[in-house]
Amino acid sequence: MAEELDATLDAGVMTIRINRPQALNALTRDTVIALNEALDRAAEEARAVILTGDARAFCSGADVSAMTDGELKGVGLDVINEAIGKIRDLRVPTVAAVSGPAAGVGCSFALICDYVIMSEKSYLMLAFTRIGLMPDGGSTALVAASAGRHRALRMALTGEKVHAVQAHDWGLATEVTAPEAYLTRAQEIASQLAAGPTLALGETEWAINQATLHELDAALNREATGQDMLKDSADAAEGVTAFLAKRTPEFRGV
């Protein structure tokens, strides 16, 4: 478990790094359990949190290689939704340092953070419908809260990549940096926040998140219900099979 995710604390800043570079930091159940454990530690010890991956990828979503016949084995929305809620409820500022893809639930883990720093070469993507599933991890609320309904629908229905500059224009990113500077900038911001009045900062981010993400819990429940139905569908089975075979799926709406 530990080798799939690293959490280090330095001068009040906890850096949580997804560490599955061989899979573009795709998530397994063990990875997300380790993330939940790191977030529990952050709630007790940290004054600011950085969530990141590596220079190649932030997080490419759930590990589709763990899917068989449309069933997402080994991950599960229970631990994913728990982690999303914990990040939202941390009473310290959270900073996402994004390079490469933040796709699927990886997009959710970036957007749930309070401050999103994206490399010029990074992008956000909701690719769920490409394999016969629907967005989850709270993304149906998170994207709409920042970018608006029609942009959320565009991302969710088309599965297109929203590159960093466009994501910033849409309100999905706080800053865009040069590719080599995204993590350094995240460290600068997190250190600045950790040195500040974290009690006041925590109350501030809590109030803003409650005002803007008041639909998040309901969205997580709707997504879990919809995803449970879709995972048993013939379209999801076809979508996953086609993805693994690297061919175009043939969906039938069943």
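Biologist: What makes strand E6 (residues 94-98) largely enclosed by the rest of the structure?

Modeller: Five of its five residues are buried, so E6 is largely enclosed. Buried means under 20% relative accessible area (exposed is over 50%, partly exposed in between; 1.4 Å probe, protein chains only). This is a predicted model: local features need pLDDT of at least 70, side-chain atom pairs count only at pLDDT 80 or more, and totals for chains, interfaces and linings use all residues. Residues are numbered from 1 along each chain as its sequence is written, and side-chain values use heavy atoms, leaving out hydrogens and water.

Biologist: How do you know which residues cover each face of E6?

Modeller: Side chains alternate between the two faces of the sheet in a regular strand. Thr-94, Ala-96 and Val-98 are buried on one side, Val-95 and Ala-97 on the other.

Biologist: Why are E3 (residues 48-52) and E6 called paired?

Modeller: Pairing needs at least two DSSP bridges between the strands. E3 and E6 have four and run parallel, so they pair. Val-49 stands opposite Thr-94. E6 also has four bridges to the parallel strand E8 (residues 115-119), where Val-95 partners Tyr-115.

Biologist: What lines the largest cavity?

Modeller: Val-49 and Thr-94 again, with Ile-16, Leu-35, Leu-39, Leu-51, Ile-87 and Cys-113. Helix H1 (29-45) and E3 each give two or more of the lining residues. The volume is about 40 Å³.

Biologist: What makes Arg-91 count as sitting over the ring of Trp-206?

Modeller: The rule asks for CZ of Arg or NZ of Lys within 6 Å of the ring centre and within 35 degrees of the ring normal. The charged end of Arg-91 sits 4.1 Å from that centre, over the ring.

Key. 1 Å grid on protein atoms, 1.4 Å probe; cavity = no way out; pocket = protein on both sides within 12 Å on 5 of 7 lines; lining within 4 Å. Points joined across faces, edges and corners; volume = space filled by probe spheres on them.
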